[in-house]
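Here's a quick walk through a protein model for anyone meeting it for the first time. Have a look at the sequence and the fold, then read on.

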Amino acid sequence: MASSGEEENTRMSDESTASDDQDVTSETTHSKPAYHGSNSVWLTAGIIVADVVGAGILGMPRAVARFGWALGAVVMVVLLAANVHISILMWKVRVGCAECDGARTYLDLCRGAFAKAPAWQQRTAACLTGWSQYSFLFGLLGIYLLSAGKGLGMLFFRNQLCLPVWSALAALLLWPFAGTAREMGSYQSLVWINIITLCGTVLIPLGYYTVAGAQELERSDAHWYAVSPLTVTGVLSGLSTYTFGMTSQFMLAEIISEMKDPMQLPKAYATLSAPFQLTAFLVAGLGGYYWMGDKSAGMMNENLPFNAAFQVASTCLVIHMLISYLIKGVVFCMSILKKAKPQYAHPHDSRKRTLAAWNAVVLLVLFAAWLIANLVPFFGDAVDLLGASLTPISCWIIPIMMFVRYYMDAGENRPRVSSFEWVCIVGELLLAVLLMIFGTFSSIVTLMEHWHTYGPPFDCHCEGIWNTCECSADHIGMDMCSLIRGEVPTS
């Protein structure tokens, strides 16, 4: 587990010598030890990969299908470059703005950047930042728990439990780790395991298709395009999936705060993490599209027959989603604990009351994430909705506004920005606004349509996780269902 050195631990121990039965008043009088990050450049790069390349990568073939393989690859590269650029803008605010020195959270960074702004701007920026970050984080936790639950159902496809039950079991599996991790680098080995399982989730389906051949996929009706016939709905859906899958700005301040040397963030992000991200997205997106064409849908590992490869890929999915939840859950739960009981919020405080308070928050958030996971139990639609509604404002608009405010107030110390970079910033801002307005509307319409197709929230939703004709008649490898389709009703 990450530590801040023997000296800080000794100081914390001295502060905690009093009995756990002491009252809250005396606890709040403890002096709070200064926080110092300890994560290396490589660990930070791993956390960024684990943060960015999460559930969104599984929908990349579906996003590429909206554009075609050539245009889809170009859009992917451009949007990843935009995300790296916006992240570097945030880093410039963090290290260049005197009021942002020591900022540990996204909200701290926003308040520092707007410290010299009029009061109404300060209030508006702080409200938007807090609301968008926590809403986005909560939505992500729901998607991760939904995906982990579906992965368990796919792993044990012969055990006919409904999706809400599998999601609850995923939450129980996660609790022991979430209840003891109070920093993103707490379980360093899990960061690297997350990257390995991510690769397995993507490469196992692609490897299986390479060995088994195209006939296994039964996609004779699929089409492949360099540039697909574009539709407004399709473009918005593709952009939503891309932006959802590539963003990390809403957690970047927290990631920087845990670094031993925040000045090394560009190396961790642009030099180490971004090339891996691009490779992973291209392999997943183009590889999945190569085999599935314009019939790509859902998570790419769903497009396997019910067999051993399907189960191994599902195991990787479960582990990947649970660790992704763990990383973001630390930030979300800590923000709640700081508001509710700040005297228990120091990550190195080992008092029993502190651990109890932390686990109370963790369990509450797990239950709430389970609820939201089963309110929108359709992976693709949930990704599109989150990518269109909250990603633009939390990960594009607010970081750009912070940089512009810092630039205006910095005077002679303002960073140099070329005319070309200003054009890029304006373009990124316009794209974010358009996607937030029109993409959100399109995603809501699609979601309502699918509720009528697949059933309401908290329904069983056994599609793709039970190897029965009642639930998975159209699943790859379920050819026998076509013979009895007239006798057994489909879901």
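## A first look

The protein chain has 19 helices and 0 strands, where helices (H or I, at least four residues) and strands (E, at least two) are DSSP runs numbered from the N terminus. Keep in mind that this is a predicted model, in which local features need pLDDT of at least 70 and side-chain atom pairs count only at pLDDT 80 or more, while totals for chains, interfaces and linings use all residues. Residues are numbered from 1 along each chain as its sequence is written, and side-chain values use heavy atoms, with hydrogens and water left out.

Of the 491 residues in the protein chain, 57% are buried (under 20% relative accessible area with a 1.4 Å probe, protein chains only; exposed is over 50%, and partly exposed is in between). Take contacts, meaning heavy atoms within 4.5 Å: among those between residues at least 6 apart in sequence, 82% join residues at least 24 apart.

## Helix α8

Helix α8 covers residues 163–178. At 1.5 Å a residue, its 16 residues should span 22 Å, and the end C-alpha atoms are 22 Å apart, so the two agree (the expected span is 1.5 Å times one less than the number of residues). Which residues of α8 are buried? They are L163, P164, W166, S167, A170, A171, L174 and A178. The buried residues of α8 pack against these helices:

| Helix | Residues |
|---|---|
| α7 | 119–155 |
| α13 | 308–340 |
| α14 | 352–375 |

## The second largest pocket

The second largest pocket has a volume of about 370 Å³. Its lining is made of 21 residues, and R104, T105, M334, S335 and K338 lie nearest its centre. Two or more lining residues come from each of α6 (106–113), α7, α11 (249–257) and α13. The largest share, 6 residues, is from α13. By class, the lining of this pocket has 8 nonpolar, 4 polar and 9 charged residues.

In this scheme, a pocket is an open set of points on a 1 Å grid over the protein atoms alone, with protein on both sides within 12 Å along at least five of seven lines, and lining residues have an atom within 4 Å of a point. Asp, Glu, Lys and Arg count as charged; Ala, Val, Leu, Ile, Met, Phe, Trp, Tyr, Cys and Pro as nonpolar; and the others, Gly among them, as polar.

## Around V202

V202 sits in helix α9, residues 188–212. With a relative accessible area of 4%, V202 is buried. Leaving out residues up to four places away in sequence, V202 touches I57, V283, A284 and M300.

Methods. 1 Å grid on protein atoms, 1.4 Å probe; cavity = no way out; pocket = protein on both sides within 12 Å on 5 of 7 lines; lining within 4 Å. Points joined across faces, edges and corners; volume = space filled by probe spheres on them.
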